[in-house]
Amino acid sequence: AFVSTLLTAKGFGQAFQTVYSVTTHARNTIGGGLIMASNGMNPFDKETANAFRTLKNEIARSSLGKDKKLQQEYLKYRRLGLAYNSTKKLIKDTHSKIQDVYVAEDDLWRIAAFQKELKTLQKAYPNKLITDLEKEAADIIRNTMPTYDMVPEGAKALRRLPIGFIW
């Protein structure tokens, strides 16, 4: 019981340092744009606007009001490993929405970068299948802008320690 209480308290502390931190949200949003720019991609054009629209559709609407085409796009990004692919179900709706926004801040830039990389590959390899180009573009972007899914299981296990490792 004591360890469970300690881990719960630690979890709340970590959530307030990340998911509930305005500073962290700003850092994620600005950092993603900077990573794109440092890779020679303009973070302020239509691919970013398209990625924003896709993510907004995913997190801001109930399942009944979602645009089906944008929902299919989002599922493709998850399948390609570009969007966070957690299967965990959170208990509180408010916490879930805040966490969705937190994750979407990272996904936004990966999706926009993927769209740009795909265009580049389509120009370089016009005769290659689109599915092959999508996989190649996704590999490049995941290696440049990794997702939480790429964190090794050993590192994830460290989060369950009662002290330290605040990430």
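This is a predicted model: local features need pLDDT of at least 70, side-chain atom pairs count only at pLDDT 80 or more; totals for chains, interfaces and linings use all residues.
Residues are numbered from 1 along each chain as its sequence is written, and side-chain values use heavy atoms, with hydrogens and water left out.

**Overall picture**

- The protein has seven helices and zero strands, where helices (H or I, at least four residues) and strands (E, at least two) are DSSP runs numbered from the N terminus.
- Read from the N terminus, the order is simply α-α-α-α-α-α-α.
- Of the 167 residues, 35% are buried; that means under 20% relative accessible area, with exposed being over 50% and partly exposed in between (1.4 Å probe, protein chains only).
- Take the contacts (heavy atoms within 4.5 Å) between residues at least 6 apart in sequence: 66% of them join residues at least 24 apart.

**Surface**

- Phe 2, Val 3 and Leu 7 make a nonpolar surface patch of about 300 Å².
- For such a patch, residues need over 30% relative accessible area and no salt bridge, and nonpolar side chains (Val, Leu, Ile, Met, Phe, Trp, Tyr) are joined within 5 Å, while like charges are joined within 9 Å.
- A salt bridge here is a side-chain nitrogen of Lys or Arg within 4 Å of a carboxyl oxygen of Asp or Glu.
- Val 3 sits in helix H1 (residues 2–17) and is partly exposed, at a relative accessible area of 48%.

- His 25 belongs to helix H2 (residues 22–38) and counts as buried because its relative accessibility is 16%.
- Beyond its neighbours within four places in sequence, His 25 touches Thr 18, Val 19, Ile 98, Val 101, Tyr 102 and Glu 105.
- Helix H3 (residues 46–60) has 15 residues and runs 20 Å from first C-alpha to last, close to the expected 21 Å.
- Buried residues in H3 include Glu 47, Thr 48, Ala 51 and Leu 55.

**Aromatic pair**

- There is one aromatic pair in the structure: Tyr 77 and Phe 114, edge-to-face, at 5.7 Å centre to centre and 75 degrees between the planes.
- The pair links distant parts of the chain, with Tyr 77 in helix H4 (residues 68–79) and Phe 114 in helix H5 (residues 93–124), 37 residues apart.
- Rings of Phe, Tyr and Trp (its six-membered ring) pair if their centres lie within 6.5 Å; planes under 30 degrees apart are stacked, over 60 edge-to-face, and the rest tilted.
- Tyr 77 and Phe 114 are both buried.

Terms used
The expected span of a helix is 1.5 Å times one less than its number of residues. Accessible areas come from the Shrake-Rupley method with a 1.4 Å probe; for residues, only the protein chains shown count as cover.
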